[in-house]
Amino acid sequence: MEPIKTLIVGGGQAGLATSYYLTLHGHEHVVLEQSEKAATAWRNKCWDSFSLVTPNWAFRMPGAEYNGADRDGFMPRDKVVEFFEDYINEFKLPVKYNTHVIAIEPVDHGYLIQTNDRTFRAEHVVIATGFFQQPKIPGFAENITSDIHQFHSSMYRNPESVPEGAVLVVGSGQSGSQIAQELYGIGRKVFLCVGTAGRAPRRYRGKDIIEWLEKIGFFNLTPDQLPPGMGKFDGIPHLSGTKGGQTINLHQFARDGVTLLGHLRSATNHKVLMAPDLHENLKIADQFEVDATNMIDGYIQASELEAPSEDLSPLQDGFNQPIIEELDLKQEGINTIIWARGYTFNYSMVKLPVFDQDGFPIQSSGVTHYPGLYFVGLPWMPTERSGFLIGVGEAARHIASRIVEDAS
């Protein structure tokens, strides 16, 4: 058994940010990363052309905030991976690779952490495993004929890696919409099951939408402060950082020839059934843009800022598409289904009743009621910013300070 003051589970952005602050304090700790290299989620679960959807200025890892010339650009995947590799080396963070945590159990004055090759005993444990845990694929996917190639969006790399034929993309959040756009952009026939993720313009009234949302304090909202219609676990609005940053609009998809569908309800053999909610979902996506821009307009007016006026011309093409409730995959030439419905939480390694009915950690700003057990890297701890590059450093600093204080 190997004793350690603090053990961090997960070597992604949250775990590394926490390690940065503990290193500054000279506090003994180790970061356990189950993969063999750094930045696993960025390296292995993002497609080749992926770029951050937040501008470079919002890249705020502690000690290495972005200060380059391309402030309003969008960092591509490979540069993100390179950044985290350099980050670990520059600050000499104690990351142990190829170490999979199997169980975390409480013992007197700490926790036992069982891994694939050894057992640790730690006074403090920080869970920093992030968003990308259990791919969300419905059980009825097993009912689809084996002739159809199926995979989660995290396995998508580029159009050339997708078998020939039409493609059904299930889910219209950030990943699904961007993958659909890339596929139909090179001439592939695409069917897209549309959910309720909202739409936001890439730029509005002279600034990137993220900069406006930061200015008006949107990322500081707690779940109970969200505007009507916005839910805690709603899909992230459609945005893209590729090609210098783009607005994603499902009505434009329809205009370009994409077949839009409602929620996928079930599947048997080569037939899939959809809910008749396409038009309703499009209205929800449209309304998000209206609400977001109205908030920005109100802020500009109240602050008496000078900003160019802008009238977003609403597209309606998606409403002209018929409601399709049954689709024959073979008849439509669909050979591939890409599941882009996100992820579910998986904290099965934590052997404590510290999760709510949604599987989300019960905590206050990442601090649980179990002494020495913390979470970092998820939104709503306590605000949305705590789960993203724009705010993960603040969350990590808070947790590291608590650990150092408790250890003193």
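At what angle do the axes of helix α1 and helix α8 cross? They cross at roughly 50° and come within 8 Å, helix α1 covering residues 13-24 and helix α8 residues 392-407.

## Basis of the model

This is a predicted model, in which local features need pLDDT of at least 70 and side-chain atom pairs count only at pLDDT 80 or more, while totals for chains, interfaces and linings use all residues. Residues are numbered from 1 along each chain as its sequence is written, and side-chain values use heavy atoms, with hydrogens and water left out.

Helices are DSSP runs of H or I with at least four residues, numbered from the N terminus. Axes are lines fitted to C-alpha atoms over the stretch in contact, and angles run from 0 to 180 degrees between N-to-C directions.

## Helix α1 against helix α8

Helices α1 and α8 are oblique to each other; angles under 35 degrees count as roughly parallel, over 145 as roughly antiparallel, 65 to 115 as roughly perpendicular and the rest as oblique. Their crossing is right-handed (the near helix is turned clockwise from the far one by less than a right angle).

On the α1 side, Q13, A14, A17, T18, Y21 and L22 meet V392, G393, A396, R397, A400, I403 and V404 of α8, where contact means heavy atoms within 4.5 Å. The residues of this contact divide into 9 nonpolar, 3 polar and 1 charged (Ala, Val, Leu, Ile, Met, Phe, Trp, Tyr, Cys and Pro count as nonpolar, Asp, Glu, Lys and Arg as charged, and the others, Gly among them, as polar).

## Helix α1 against helix α3

Helix α1 also packs with α3, at an angle of about 25° and with the axes 11 Å apart. This makes α1 roughly parallel to α3. Q13, L16, A17 and Y20 of α1 make the contact with F84, Y87 and I88 of α3. By class, it has 6 nonpolar, 1 polar and no charged residues.

## Aromatic pairs

Rings of Phe, Tyr and Trp (its six-membered ring) pair if their centres lie within 6.5 Å; planes under 30 degrees apart count as stacked, over 60 as edge-to-face and the rest as tilted. By this rule there are 18 aromatic pairs. The rings of W47 and F50 form an edge-to-face pair, because their planes stand at 90°, with centres 5.2 Å apart. W47 counts as buried at 4% relative accessibility, and F50 counts as buried at 10% (buried means under 20% relative accessible area, exposed over 50%, partly exposed in between, with a 1.4 Å probe and protein chains only).

F59 and F83 are also edge-to-face, with ring centres 4.5 Å apart and planes at 75°. F59 lies in the loop between α2 (40-44) and α3 (77-90) and F83 in helix α3, so the pair ties together parts that are 24 residues apart in sequence. Both F59 and F83 are buried.

How values were computed
Helix = DSSP H or I, 4+ residues; strand = E, 2+ residues; numbered from the N terminus.
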